[in-house]
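User: Could you walk me through reading this structure? I'm new to this.

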Amino acid sequence: MSEDRIVDALTVLAAGPTPYGQELATAERLAGWGGARWPELAWRVDRLPATAELPRSANLVVTAGHDDAPELLICSHLDTSLTGDPDFDEPVTGSSGPAGGLRRSLGPDGDALVDGLGLGVARAAAATALVGFVAAAEALRAADRPHRLTLLLAATGTHRYHLSHPPDGPGGSRRRAGAGGVTRQQPGGVARHLDRHPAPAAAVLAKTSPPGVLTAEPGALYLRVRLTSRFHPVLAREQAVPPGGLITHLGVVIEALEDFRRRHLAARADPTAAVGAEVGIGAVRAGQPAKPDLLPGRVDLHLYLVTVPGDDPAQLRDEVQATVSAATAGTPLADCPVAVDGQLVHPAAATAPDAPIARHARDAWAAAYGEQPRPVLGWTGSTDGVVLRGRGVPTVRLGPPGRGTDPADPRRDRYALADLRMFAGIYADIAVRHTGTIDSTGYRMA
């Protein structure tokens with residue numbers, strides 16, 4: 001396995017933008033490239049049902065081996081959080097210029113590096129998983145051993161609040177104070193794959209991760225805090241309710257949400273827990289930029305909550321509702337109704353640390369690094385691993401470490417090619433070990 005294979009895969013992945021819901025072009029590009037290079041593998045593009053939010057969405061599925069063998073799924077995803085489109089990215093990045101393409105360079109220590117947009121989420125891990133999958137399939141086929149491997153580069157892997165399907169319900173019937181609820185997020189590419197195919201025996205999730213093997217991941221919950229008022233122009237701001245308009249008093253709400261966060265995290269502080277909680281305000285929406293002479297009659301604050309085992313989404317919604325309502329009582333916002341709604345992406349989930357896939361992952365890690373991985377504690381990153389575990393699939397997550405971002409452009413993630421090559425070998429080693437048919441102590445990447 002050479003670093004050139006990984007760079008080739010990265011080049012194909014990075015040849016065009018892959019925004020959420022528009023992964024089809026990248027999936028087809030990868031399938032064409034991979035099918036020509038490794039025709040002995042089955043390359044398939046599975047389109048997702050087209051919707052307004054998912055107009056050209058697709059999974060890439062690659063299979064190797066025999067249908068009657070237990071299936072190991074190696075999974076990453078195609079879409080990236082940043083898209084390369086300034087209209088979407090600039091409010092997050094603060095940068096309006098192009099991020100540029102994939103680039104190779106040398107680091108301060110002479111390490112060969114590669115950097116570019118979307119490598120952290122999730123192109124570096126996806127390319128590494130693809131190369132490791134191919135290497136494992138080649139080794140198992142050469143040994144003439146029964147195996148069944150599937151590579152899934154999934155669509156819609158990034159968390160997304162589906163604003164076109166708000167939790168208000170049709171016609172805004174839940175927009176009055178206290179009438180909010182928590183709905184389920186629409187299924188993403190991994191869930192749709194599992195809907196169409198029998199669940200695999202085990203799965204490896206390839207994504208940039210802390211140093212170690214994750215067998216547990218937290219859940220994810222979106223909450224929307226909404227305050228409403230009556231219509232007022234700026235010219236009548238002193239007659240508005242509240243005086244000056246909603247945004248003038250927004251600090252009261254933000255401090256209330258920060259107070260909720262402090263209490264929420266303190267109640268879940270456990271230095272021995274595998275996963276941890278977190279809360280953040282990720283977006284605020286109010287008014288019409290084209291008509292700033294009109295005071296907003298509605299302000300939405302969007303929160304992301306990282307949830308731990310035992311968290312009840314409805315209870316969390318109620319706690320946020322009570323916190324904001326109590327904070328605004330007795331203030332100019334007292335007459336502005338508060339409603340909190342949400343979307344549960346998925347709850348926290350875990351795989352037993354002694355599951356075979358977990359043992360094989362740790363052993364493959366030890367073979368690469370010369371020592372067993374240290375336990376990961378307090379991890380707050382939530383991925384498709386919880387979707388797989390929720391379907392009863394024993395799952396581990398591990399991935400290549402990043403080398404930070406380009407100092408000149410933090411949109412560009414940097415990786416050492418040696419790290420990517422090592423993790424491609426780890427993924428291949430896990431796959432070989434998991435078949436139980438080859439003495440992995442004698443398995444080496446060429």
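Analyst: Let's go through a sheet, some helix packing and the cysteines.

This is a predicted model: local features need pLDDT of at least 70, and side-chain atom pairs count only at pLDDT 80 or more, while totals for chains, interfaces and linings use all residues. Residues are numbered from 1 along each chain as its sequence is written, and side-chain values use heavy atoms, with hydrogens and water left out.

User: What is the strand order in the open sheet of four strands?

Analyst: Helices (H or I, at least four residues) and strands (E, at least two) are DSSP runs, numbered from the N terminus. Two strands pair if DSSP finds at least two bridges between them. Here the order is β4-β5-β19-β18, with antiparallel pairing. At the edges sit β4 (103-106) and β18 (405-406), each pairing on one side only.

User: How many bridges join β18 to β19, and how many link β4 and β5?

Analyst: β18 and β19 (residues 409-416) share two bridges, and D406 faces D409 in β19. β4 and β5 have four bridges, with R104 opposite V114 in β5. The β4-β5 hairpin has five residues between its strands, and G110 there takes a positive phi near 85°.

User: Which helix crosses α10 within 9 Å at roughly 95°?

Analyst: Axes are lines fitted to C-alpha atoms, for helices over the stretch in contact, and angles run from 0 to 180 degrees between N-to-C directions. Angles under 35 degrees count as roughly parallel, over 145 as roughly antiparallel, 65 to 115 as roughly perpendicular and the rest as oblique. The helix you want is α1 (residues 3-13), so α1 is roughly perpendicular to α10. Contact means heavy atoms within 4.5 Å; on the α1 side E3, I6, V7 and L10 make it, and on the α10 side L417, A418, L420, R421 and A424.

User: Why are α8 and α10 called oblique?

Analyst: The axes of α8 (residues 356-369) and α10 also come within 9 Å, but cross at roughly 135°, and therefore the two helices are oblique to each other. Among the α8 residues in this contact are I357 and W365, and the α10 ones include F423 and I430.

User: How many disulfides are there, and are C75 and C336 buried or exposed?

Analyst: A disulfide is a pair of cysteine sulfur atoms within 2.5 Å, and a search of the whole structure finds zero. Buried means under 20% relative accessible area, exposed over 50%, partly exposed in between (1.4 Å probe, protein chains only). C75 is buried because its relative accessible area is 0%, and C336, at 3%, counts as buried too.
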